[in-house]
Amino acid sequence: MTEKSTGASDAAASYKTAGVDIEAGDRAVELMKEWVKKTQRPEVLGGLGGFAGLFDASALKRYERPLLASATDGVGTKVDIARQMGVYDTIGHDLVAMVMDDIVVCGAEPLFMTDYICVGKVHPERVAAIVKGIAEGCVLAGCALVGGETAEHPGLLGPDDFDVAGAGTGVVEYDNLLGADRIRTGDAVIAMASSGLHSNGYSLVRHVLFDRAGMSLDQHVEEFGRTLGEELLEPTKIYSLDCLALTRTAEVHAFSHITGGGLAANLARVIPDHLHATVDRSTWTPGAVFDLVGKAGQVEQLELEKTLNMGVGMMAVVPQESVDVALTALADRGVDAWVAGGITERGDHAEGAALTGSYAS
């Protein structure tokens, strides 16, 4: 009795025929090495390709009581904009911002980061472009990229689909730890301008602009002076070194990174239970992209504010006597910043922070 040939089964099965191309992965690693080298700090040992990234912890001996700060994050559905645009060298910048700007909130210096890139099919040049963006972001945040993982998931992701995630570590002296316990009545709230949508709320943005308004990524938008796709891919501003420089120049009680959940909810995370932060909308005008999302989807203002950053990417809480020095220091670093509110007793306020007034026109 002879077995009938089934065609595809005639060839021996391999990892490659199952959809995973190890050689392509190796090629991607070679292409990304030059970018990873640009992020190296003197504390980093070894090179790319080991099983673990090494960081010389003896560098922490200069601290009396070092606290390690860690964070992990991704960039959500903004990756789909990058995929559709065929632009892969900015999404890594977004990833670093989301991770390292969380770490700096407590006053910690970013030390190192690792990344995870998941793809349906390894396109070496595409993966290298993503890592290029991560490396460039790490340079802007002052941290090293010590390792990562590229995983190929055929059958779970389409050939052009991908996602990114990262984890970072920083360090802060215990006595310099920033947070709610430092905030006092009368403190000022300083807002730092965002570079646009950053990396939050893209599920709402995509639904409103594409599904409801029928807009396209290559559509020129007069208010932006560029295409919709270019606006949506604008990299997230990285504030890490600006915030650290501010702590060396002025007294800072707390920072708040404005990400998912919006301005009020994120600011409330660093406000003590007995105090309240008020932010005056009239102190700034949100960028055109926020107005477009609101009008195109008939999205109520409160819904926009709890989803998007509305033009503010980071906030600092400082004593009144430090306001002028803080604003000058941020201006010297090219950061658009202004006094947006202040701290009062909680009183009858149920929330830790709230927005008041109307946006400036």
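**Entry 1: V208 and helix α5**

I began with V208, which is buried, with a relative accessible area of 1%. The model I am reading is a predicted one. I found V208 in helix α5. I then listed what V208 touches, leaving out residues up to four places away in sequence: A213, V293, A296, G297 and V299. I also took the distance from V208 to G294, which is 8.5 Å from C-alpha to C-alpha, although 86 residues separate the two in sequence.

Next I looked at the rest of the helix, residues 202-212. The buried residues of α5 are Y202, L204, V205, V208, L209 and F210. What do they pack against? I noted three helices: α2 (78-85), α6 (228-232) and α9 (288-297). Just after α5, I came to G214, which takes a positive phi of about 70°.

**Entry 2: G92**

I looked up G92 and found its place in helix α3, residues 91-103. Is G92 buried or exposed? G92 is buried, with a relative accessible area of 1%. Not counting residues up to four places away in sequence, G92 touches I130, G133 and I134. I also checked G92 against T236: the two are 144 residues apart along the chain, and their C-alpha atoms are separated by 9.8 Å.

**Entry 3: the six-stranded sheet**

I traced an open sheet of six strands. Its order is β10-β12-β7-β13-β11-β14, and the pairing is mixed. Which strands stand at the edges? I noted β10 (254-257) and β14 (353-356); each has a single partner strand, so one side of each is left without a neighbour in the sheet. From one strand to the next, the twist averages 25°.

S256 stands opposite M315 in β12. I then found helix α7 (residues 240-249) packing on the sheet, where α7 touches β7 (188-193), β10 and β12. The direction of α7 makes about 165° with that of β10.

**Entry 4: strand β7**

I moved on to β7. How many of its six residues are buried? The count is six of six, so β7 is largely enclosed by the rest of the structure. I sorted the residues by the way they point: A188, I190 and M192 go one way, while V189, A191 and A193 go the other. The residues of both groups are buried.

I then followed the pairing of β7. With β12, β7 pairs in the antiparallel sense over six bridges. With β13, β7 also runs antiparallel, joined by five bridges. I used A188 to look at both partners: A188 stands opposite V318 in β12 and opposite G342 in β13.

**Entry 5: aromatic rings**

I searched the whole structure for aromatic pairs and have four on the list. I looked at one of them, W284 with W338: the ring centres are 6.0 Å apart and the planes stand at 40°, so the pair is tilted. Where do the two residues lie? W284 is in the loop between β11 (275-280) and α9, and W338 is in strand β13 (residues 337-345), so the pair ties together parts that are 54 residues apart in sequence. I noted that W284 and W338 are both buried. With Y359, W284 and W338 form one aromatic cluster.

I also looked for charges over rings. The charged end of R281 sits over the ring of Y359, 5.9 Å from its centre. Elsewhere on my list, R65 lies over the face of Y174, at 3.8 Å from the ring centre.

**Entry 6: the whole protein**

I counted 11 helices and 14 strands in the protein. Buried residues make up 50% of the 361 residues. The protein exposes about 17000 Å², and carbon and sulfur atoms supply 51% of that area. Of the contacts with a separation of 6 or more, 85% are accounted for by residues 24 or more positions apart.

Terms used:
Residues numbered from 1 in each chain as written. Predicted model: local features only at pLDDT ≥ 70, side-chain atom pairs only at ≥ 80, totals over all residues. Heavy atoms only, no water. Pairing = 2+ DSSP bridges. Helix = DSSP H or I, 4+ residues; strand = E, 2+ residues; numbered from the N terminus. Axes fitted to C-alpha atoms, helices over the stretch in contact; angles between N-to-C directions. Contact = heavy atoms within 4.5 Å. Buried < 20%, exposed > 50% of the residue type's maximum accessible area, 1.4 Å probe, protein only. Areas by Shrake-Rupley, 256 points an atom, 1.4 Å probe, with all protein chains shown as cover. Phe/Tyr/Trp six-rings, centres within 6.5 Å; stacked < 30°, edge-to-face > 60°. Lys NZ or Arg CZ within 6 Å of the ring centre and 35° of its normal.
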